[in-house]
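Here's a quick briefing to read alongside the model. Have the structure open as you go through the points.

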Amino acid sequence: MGYKKRIAALCMAQAVLAAGYTGDTAWAAEAAASQEAETNQAVEAAAGQEAETNQIADSGIKLGITLYSLQNEYTVRFANAAADYAGEKGIELQIYDGNYDAELQINQVKQMLEDGVDGLILNPQEAVRCSECVDAAVEAGVPVIAVNTRVENDGITSYVGSDDVEAGEMIMERAAEALAGKGNVVILEGPLGQSAQLDRLQGMKNILKENPGIQVIGDKTANWSRLEAQTVMAKWLDTFDRIDAVVAENDDMALGAVQAIKDDGRIPGEDILVVSIDGSEDAQAAVQEGSILMTVYQNAEKQACVAIDVLLQALAGEEVYPEYQVPLTPYMVCS
């Protein structure tokens, strides 16, 4: 589903805020969007097992998480939510920073297995290389949940995340609409080989096929990094005569591009449009000020809680779904 079908729900949420709701806009948007029929019943089923999983959690269970990095807001939000949720359930939790290094993540998984974790949550840096993490867990008889980015290994117990192809479609569709189907765009990608990078790019390509007037004049990885994206964007601004839009696979890279545009004496949101994915607090603020046109909010907090619940269900011997999808929500200013 494209972003257009979610706009009514988002505007409803913003109306709630205007009426006096003081919580996070993105959470309000998700609450409204959850009225849609596509809300994944499997996610609700996982959350509905809380009473049953509390019993096993109180028995001294130990879980481990390796995240591809703790240097961006999404993974920090995920780690914080996982730590809070585990604390509520009396679970001992180890969290490791993969530092964008698949080899490091493999070693971290082996260390956690040696430490005697009962279950693992894997947020892989590379879909293929991190398959070894799953192999090690399977050999040890330890269930492993992949989250947010996919790993190419059928041995995982389950996958929890959002639809990255859809996210890519949503931001490119919004850019194409704002440009009336014609213009020059540049694309900032995540780490090459990571499933989120590949799937979000595929989503963009799906929309580009429908908009032959949109020309991609620059396409480069900035590894989810704000600083790296700022450098890449600065070079593009020096190289190309006209850039109409920046399509970034995550918010940090979009914000780096925004800074480069400002440093070049141009106005982001007016001279060059910017769209992105994650729904971070900084990106939401940029949407409100007009420098980012739209960000797609993916719920790191819900992904973390669902991943833990699914892992606990597996440890309790309960059947789990092969995949749990957490819905996406566009965040933009309603006219």
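Met233 touches Val186, Ile243, Val246, Ala257, Ala260, Ile261 and Ile272, leaving aside residues up to four places away in sequence; touching, or contact, means heavy atoms within 4.5 Å. This is a predicted model, where local features need pLDDT of at least 70 and side-chain atom pairs count only at pLDDT 80 or more, while totals for chains, interfaces and linings use all residues. Residues are numbered from 1 along each chain as its sequence is written, and side-chain values use heavy atoms, with hydrogens and water left out.

**Cores**
- Met233 is also one of the residues with the most contacts inside the largest nonpolar core, along with Leu188, Val246 and Ile292; that core has 28 residues.
- A nonpolar core here is a set of buried Ala, Val, Leu, Ile, Met, Phe, Trp, Tyr and Cys residues joined through side-chain atoms within 4.5 Å, and buried means under 20% relative accessible area (1.4 Å probe, protein chains only).
- At least two residues of this core come from each of β6 (183–189), α10 (226–239), β8 (245–248), α11 (251–263) and α12 (281–289); helices (H or I, at least four residues) and strands (E, at least two) are DSSP runs numbered from the N terminus.
- α11 gives the largest share, seven residues.
- Apart from this core lies another, of 26 residues, including Tyr74, Val147, Ile308 and Val320.

**The α10 and α11 pair**
- The axes of α10 and α11 come within 7 Å and cross at roughly 45°; axes are lines fitted to C-alpha atoms, for helices over the stretch in contact, and angles run from 0 to 180 degrees between N-to-C directions.
- Among the residues that meet are Arg226, Met233 and Leu237 in α10, and Asp252, Ala257 and Ile261 in α11.

**The sheet**
- Six strands make an open sheet with mixed pairing, in the order β7-β6-β8-β9-β10-β12; two strands pair if DSSP finds at least two bridges between them.
- β7 (214–221) and β12 (329–331) are at the edges with a single partner strand each, so one side of each has no neighbour in the sheet.
- From one strand to the next, the twist averages 20°.
- β6 and β8 run parallel and are joined by four bridges; Val185 has Ala245 in β8 as its bridge partner.
- α12 packs on the sheet, where it touches β10 (294–297) and β12, and its direction makes about 145° with that of β10.

**Whole chain**
- There are 13 helices and twelve strands in the chain.
- Of the 335 residues in the chain, 56% are buried.

Conventions: Buried < 20%, exposed > 50% of the residue type's maximum accessible area, 1.4 Å probe, protein only.
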